[in-house]
Amino acid sequence: EERLKLAIRHARYLEEEVGPKACFRLRTILMWYTKDLPGAAALRSAICSEEKIDRQLELLTQAVGKAQLGPDLAAFGANGQSKPTELVLDQDDPAREG
């Protein structure tokens with residue numbers, strides 16, 4: 001997603017300009033990129049508790065990836081109990097057997 005690419009560019013630029021303390025300034029900036037993501041409040045809290053830029057970006061990347069999967073598949077395996085409701089394959093999908 002474009003939002004993720006921009007966040008990574010923003011983080012790397014800040015890291016280059018500020019140095020090791022960039023992760024603290026990045027906390028505020030990454031909050032903008034979490035808007036409208038499922039579980040944004042928990043994500044913001046997790047990002048703010050990290051002191052490494054790579055880990056902050058990893059958390060954001062995981063959240064964006066889950067958001068792109070959709071709510072049913074994003075929750076799959078999160079707590080070991082959630083399962084997607086149903087995966088429906090198109091009739092013409094080569095992955096469909098028979």
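Reader: Is Arg 55 buried, exposed or something in between?
Author: Arg 55 is partly exposed, because its relative accessible area is 29%. Buried stands for under 20% relative accessible area, exposed for over 50%, and partly exposed for what lies in between, using a 1.4 Å probe and protein chains only. This is a predicted model, in which local features need a pLDDT of at least 70 and side-chain atom pairs count only at pLDDT 80 or more, while totals for chains, interfaces and linings use all residues. Residues are numbered from 1 along each chain as its sequence is written, and side-chain values use heavy atoms, with hydrogens and water left out.

Reader: Which residue does the side chain of Arg 55 meet in a salt bridge?
Author: That partner is Glu 50, at 3.7 Å from N to O, where a salt bridge requires a side-chain nitrogen of Lys or Arg within 4 Å of a carboxyl oxygen of Asp or Glu. Glu 50 also counts as partly exposed, because its relative accessibility is 21%.

Reader: How many salt bridges does the structure hold?
Author: The structure holds four.

Reader: Changing topic, how many helices and strands are there in the chain?
Author: The protein chain has five helices and zero strands, both taken as DSSP runs numbered from the N terminus (H or I with at least four residues for helices, E with at least two for strands).

Reader: What sits in the largest nonpolar core?
Author: The largest nonpolar core has 20 residues, and those with the most contacts inside it are Leu 26, Leu 30, Leu 43, Ile 53 and Leu 60. Helix 1 (2-18), helix 2 (22-33), helix 3 (40-49) and helix 4 (53-69) each supply at least two of the core residues, and helix 2 gives the most, with seven. Such a core is a set of buried Ala, Val, Leu, Ile, Met, Phe, Trp, Tyr and Cys residues joined through side-chain atoms within 4.5 Å.

Reader: What is Leu 43 in contact with, beyond its neighbours within four places in sequence?
Author: With those neighbours left aside, Leu 43 is in contact with Thr 34, Leu 37, Leu 59, Leu 60 and Ala 63, where contact means heavy atoms within 4.5 Å.

Reader: Which residues of helix 3 are buried?
Author: In helix 3, Ala 40, Leu 43 and Ile 47 are buried. Seen down the axis of helix 3, these buried residues fall within an arc of 60 degrees, so they line one face of the helix; the arc is that of the directions from the helix axis to the C-beta atoms. The face turned away from the buried side of helix 3 carries the exposed residues Ala 41, Ala 42 and Ser 49.

Reader: Where is Asp 36 found, and what is its phi?
Author: Asp 36 lies in the loop between helix 2 and helix 3, and it has a positive phi of about 70 degrees although it is not a glycine. Asp 36 counts as exposed, because its relative accessibility is 68%.
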